[in-house]
Amino acid sequence: MSTKSEKKLITLSTINKLKKEGEKFTCLTAYESTMASVISKSGVDIILVGDSLGMVIQGHDSTLPVTMDQLIYHLECVVRGNNGSHVMADMPFMSYATDDLGLENAKRLMQAGANSVKIEGGEWISKMAQALSDRGIPVCAHMGLTPQTINRLGGHNVQGRDPSQKEKIINEAISLEKAGAAMLLLECVPEDLAKEVTNELKIPVIGIGAGVHTDGQIMVVHDMLGISCLDNPPKFVKNFMEESSSIEHAIVNFVKDVKDLKFPSEEHTFK
Ligand code: KIV
């Protein structure tokens, strides 16, 4: 049994160093203690307590119904099982709709054991990113396909395909970095756009459905274990259980494939 002192702690500095040295880092979602323990012991750098829990745990068809209290409950479970990974917590739909709400809710997540928080949006979240960062809370800005705005986006479509949308994403990413965002997450964007943003920014860029060039890769843990509740999992999903003998083995293979640039491959990438 490992003790606290034996834990290898992954901090923001660790992630920044990996970007600088050109080594890929890995992230998986978790919502409870046992899975968090397995994930962190398998060498995953960041655990995201994602509001995807609304879909994969609660059975909703979007992330919108997830509340702060529910997110905190799952975050506390994950923190208890974690063995040194960086824990990022999602701020649920409308929990950062105003400055005061955002500050108060981010405080609750950090006090429940998060090491950083993730908020969705472009230019409009710059002020929030700056306010949180000024108060010592690392922020990951989630851009591209942002599930909390699914009703406005009109579906789970690839973002940034047309030139004006592409330019907007690049400019917004730059202004979020300037505002103090500590990390950026790009979901469902073409590979060349993700590459451009990753090269442009000094902060680490995490991708999901964004090709192989981002600094890190994230997957929803259920997806990579092949237990997606969707009939047709998205193109960027790979079932790592197909070539693995156990959950631990699948997660270790995910880490290895990301580090070796084998995942995501062409078949998981939007051009
Ligand atoms: O909530 C979540 O799990 C996420 C990932 C899909 C990136 O935001």
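Predicted model: local features only at pLDDT ≥ 70, side-chain atom pairs only at ≥ 80, totals over all residues.
Visitor: Good to know. What about aspartate 90, how far is its side chain from a ligand oxygen?

Guide: For aspartate 90, an N or O atom of the side chain is 3.0 Å from an oxygen atom of the ligand.

Visitor: And lysine 118, what distance do we get there?

Guide: Lysine 118 has a polar side-chain atom 2.8 Å from an oxygen atom of the ligand.

Visitor: How much of the ligand does the protein bury?

Guide: The protein buries 95% of the 260 Å² that the ligand exposes when taken alone.

Visitor: Where does the ligand sit, then?

Guide: You will find the ligand in the largest pocket.

Visitor: Which residues are around the ligand?

Guide: Here is the whole set: Thr29, Leu48, Gly50, Asp51, Ser52, Asp90, Lys118, His142, Leu185, Ile208 and Val220.

Visitor: How many of those in the shell are nonpolar, polar or charged?

Guide: The shell divides into four nonpolar residues, four polar ones and three charged ones.

Visitor: Let's stay with one of them. Where is histidine 142?

Guide: Histidine 142 is part of strand 5, which covers residues 139-144.

Visitor: Is histidine 142 buried or exposed, and why?

Guide: Histidine 142 counts as buried, because its relative accessibility is 4% and the cut-off for buried is under 20%.

Visitor: Which side chain does the side chain of histidine 142 make a polar contact with?

Guide: The side chain of histidine 142 makes a polar contact of 2.7 Å with the side chain of lysine 118.

Visitor: Nice link. New topic: which peptide bond is cis?

Guide: The bond from phenylalanine 263 to proline 264 is cis, and its omega is near 0°. Proline 264 belongs to the segment after helix 11, a helix that spans 247-259.

Visitor: What is the phi of leucine 261 like?

Guide: Leucine 261 has a positive phi, near 60°, and is a residue other than glycine. Leucine 261 is also in the segment after helix 11.

Visitor: And methionine 94, what is its phi?

Guide: Phi of methionine 94 is positive as well, about 70°, although this residue is not a glycine. To find methionine 94, go to the loop between strand 3 (86-90) and helix 5 (99-111).

Visitor: Is methionine 94 buried or exposed there?

Guide: Methionine 94 is exposed, because its relative accessible area is 51% and exposed means over 50%.

Visitor: What about lysine 202, where is that one?

Guide: Lysine 202 is in the loop between helix 9 and strand 7, with strand 7 running over 205-208. At 71% relative accessibility, lysine 202 counts as exposed.

Visitor: How far is lysine 202 from lysine 20 in space?

Guide: Their C-alpha atoms are 8.4 Å apart, while lysine 202 and lysine 20 are 182 residues apart in sequence.

Visitor: One more spot: where is valine 189?

Guide: Look in the loop between strand 6 (183-187) and helix 9 (191-200) for valine 189. Valine 189 counts as buried, because its relative accessibility is 0%.

Visitor: How far is valine 189 from glutamate 266?

Guide: Valine 189 and glutamate 266 have C-alpha atoms separated by 14 Å, and the two are 77 residues apart along the chain.

Visitor: Last one, methionine 128. Which helix holds it?

Guide: Methionine 128 is in helix 6, residues 126-134. Methionine 128 is buried, with a relative accessible area of 5%.

Terms used:
Residues numbered from 1 in each chain as written. Heavy atoms only, no water. Near = heavy atom within 4 Å. Polar contact = N/O pair within 3.5 Å; in protein donor to acceptor, adjacent residues only side chain to side chain. Areas by Shrake-Rupley, 256 points an atom, 1.4 Å probe, with all protein chains shown as cover. 1 Å grid on protein atoms, 1.4 Å probe; cavity = no way out; pocket = protein on both sides within 12 Å on 5 of 7 lines; lining within 4 Å. Sits in = over half its atoms within 2 Å of the grid points. Nonpolar A, V, L, I, M, F, W, Y, C, P; charged D, E, K, R; others polar. Helix = DSSP H or I, 4+ residues; strand = E, 2+ residues; numbered from the N terminus. Buried < 20%, exposed > 50% of the residue type's maximum accessible area, 1.4 Å probe, protein only.
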